[in-house]
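Subject: Structure handover

Hi,

Here is the structure I promised to pass on. Please open it and keep it beside this email as you read.

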Amino acid sequence: MARTVIRGGAVLTMGPPGFLRGDVAVEGNRIAEVGRVSPGKADVEIDASGCWVLPGFVQTHVHLCQTLFRGLAEDLDVMEWLDRWIWPLEQALDREATAASARWGIAQLLLSGTTAFNAMETARHTDAVFEAAADLGARAVVGKALMDRREPGTDLLGETTDEALADLTRLVDRWHGAADGRLRASVAPRAPSSATERMWRDGLELARRRRLVVHTHVNENRGQAELVSDFNGGRDVEVLDGLGALGPRTVLAHCVWLTDQEMSLLAWSGTNVAHCPTANLKLGSGVAPVPELLARGVNVGIGTDGAACNNSLDALDEMRMAALVHRPRSGAGAMGAQRALTLGTVAGARALGLDAGTVEVGRLADIVVMRTPEAGHLHETADPATHVVFAPDRRVTAVLVDGRVVVEDGELVHGCLRDIERDAFAARRRVVERMRERRAVRQAG
Ligand SMILES: [Zn+2]
């Protein structure tokens with residue numbers, strides 16, 4: 001069994017004992033020792049002096065197929081953003097472009113310390129996303145977007161219910177548990193209103209049988225929440241409750257506009273929330289009531305959402321935003337750095353059902369080594385988490401996923417960033433061109 005030792009770091013375990021200076025030994029895909037690891041045989045040694053050693057960051061909501069769209073759709077609210085850009089762009093993605101987009105996104109995630117993520121993709125070409133995660137060494141939950149019902153404003157992305165269910169079942173059979181268990185499939189209706197009741201019921205039955213994450217968008221923008229409520233005959237969380245879709249394996253992105261009743265349903269059912277504060281601010285959607293959700297015991301993870309509405313995929317940027325955005329309304333103590341870091345590690349792992357999120361013996365060895373000036377010179381009064389979440393000059397030097405080194409000296413081990421970027425920019429040109437052609441045809445028709 002391969003043995004890796006990370007030596008001499010400032011270890012922020014996110015579980016007991018909290019903080020220590022020492023080593024972490026990994027055997028196979030699990031953490032074997034934390035503390036003083038005696039010198040001896042190691043297949044790989046990583047020098048972590050002057051570095052933090054942290055659990056890998058877990059993102060509970062991303063869209064890798066949108067990495068190519070970064071910077072293309074700016075300064076719009078979510079409805080216009082979807083209508084004018086995201087639906088037509090997603091429709092213009094072919095398999096090769098989806099692969100290029102996913103590889104670029106996963107490269108950015110790994111290089112900034114995200115080891116596991118929950119991705120909702122588009123209606124087609126989801127295999128390309130699984131393949132990219134398998135190749136680059138990430139841990140991933142991936143779902144094809146289920147859209148067999150036209151909610152107000154959507155374009156022609158949807159498939160028939162039978163087509164979508166057949167593709168979903170095929171993806172689950174092919175990918176769930178693949179790459180030594182690193183890859184998992186999810187059931188991901190795009191929103192409560194995007195999928196028919198049959199799709200929801202059959203998807204939920206599949207999720208129950210195969211123990212899959214259920215992933216959807218909820219109450220992102222106020223107008224949308226109300227429009228969808230009219231369309232669906234109820235507010236998002238109430239509709240999901242009626243379908244039996246709430247529960248500890250369900251992850252709801254955004255949850256910006258929740259009624260008191262909806263918050264109670266989330267808490268009562270143990271449903272997870274993916275907090276995406278940057279995307280919510282950038283699209284002018286609002287600020288999710290996260291302090292209230294946490295006070296009710298709701299498990300809240302973080303997500304950058306897609307690159308088209310953030311535009312960073314860096315988990316620490318998102319934790320920083322989560323630590324700041326609630327303060328004007330709820331006070332400077334609303335979310336400290338330690339809490340924000342918990343969202344991006346422990347809570348994320350819990351939401352996705354991963355035995356990860358802390359640096360403790362026996363856990364999956366998903367680990368980040370990150371250099372900041374303070375890591376080697378921490379003042380005794382300082383909270384270590386502050387120097388991680390608010391670090392002005394941080395550099396991820398090494399990343400392990402499932403015990404394997406996937407980032408070394410700040411570079412990808414299983415891919416070349418320059419090649420990945422070149423492919424992504426070429427794919428972006430083709431996708432935008434195709435979108436323009438289709439738009440011209442539609443307008444002419
Ligand atoms: Zn999203």
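Below is what was found in it.

This is a predicted model: local features need pLDDT of at least 70, side-chain atom pairs count only at pLDDT 80 or more, and totals for chains, interfaces and linings use all residues. Residues are numbered from 1 along each chain as its sequence is written, and side-chain values use heavy atoms, leaving out hydrogens and water.

**The metal site**

Start with the zinc ion. Its protein donors are His61 (NE2), His63 (NE2), His217 (NE2) and Asp305 (OD), at 2.1 to 2.4 Å. Donors here are N, O and S atoms within 2.8 Å of the metal (3.2 Å for Na, K and Ca); water is not among the atoms, so sites may look incomplete. Along the chain, the donors are spaced H-x1-H-x153-H-x87-D. Histidine 61 and histidine 63 are both buried. Buried means under 20% relative accessible area, exposed over 50%, and partly exposed in between (1.4 Å probe, protein chains only).

**The cores**

A nonpolar core is a set of buried Ala, Val, Leu, Ile, Met, Phe, Trp, Tyr and Cys residues joined through side-chain atoms within 4.5 Å. The largest one has 122 residues. Trp81, Phe117, Leu266 and Leu341 touch the most other members. Helix 2 (residues 95–111) gives the largest share, eight residues. Helices are DSSP runs (H or I, at least four residues), as are strands (E, at least two), numbered from the N terminus. Where does this core lie relative to domain 1 and domain 2? Domain 1 (3–55 + 358–412) and domain 2 (57–352) both give residues to this core, so it lies between them. The domain bounds come from an automatic or database assignment. A second, separate core has 17 residues, including Val53 and Leu400.

**Aromatic pairs**

Rings of Phe, Tyr and Trp (its six-membered ring) pair if their centres lie within 6.5 Å; planes under 30 degrees apart count as stacked, over 60 as edge-to-face and the rest as tilted. By this rule there are three aromatic pairs. In one, tryptophan 104 and phenylalanine 425 have ring centres 5.2 Å apart and planes at 70 degrees, so the pair is edge-to-face. Tryptophan 104 lies in helix 2 and phenylalanine 425 in helix 15 (residues 417–444), so the pair ties together parts 321 residues apart in sequence. Tryptophan 104 is buried, at 5% relative accessible area. Phenylalanine 425 is partly exposed, at 34%.

Best wishes
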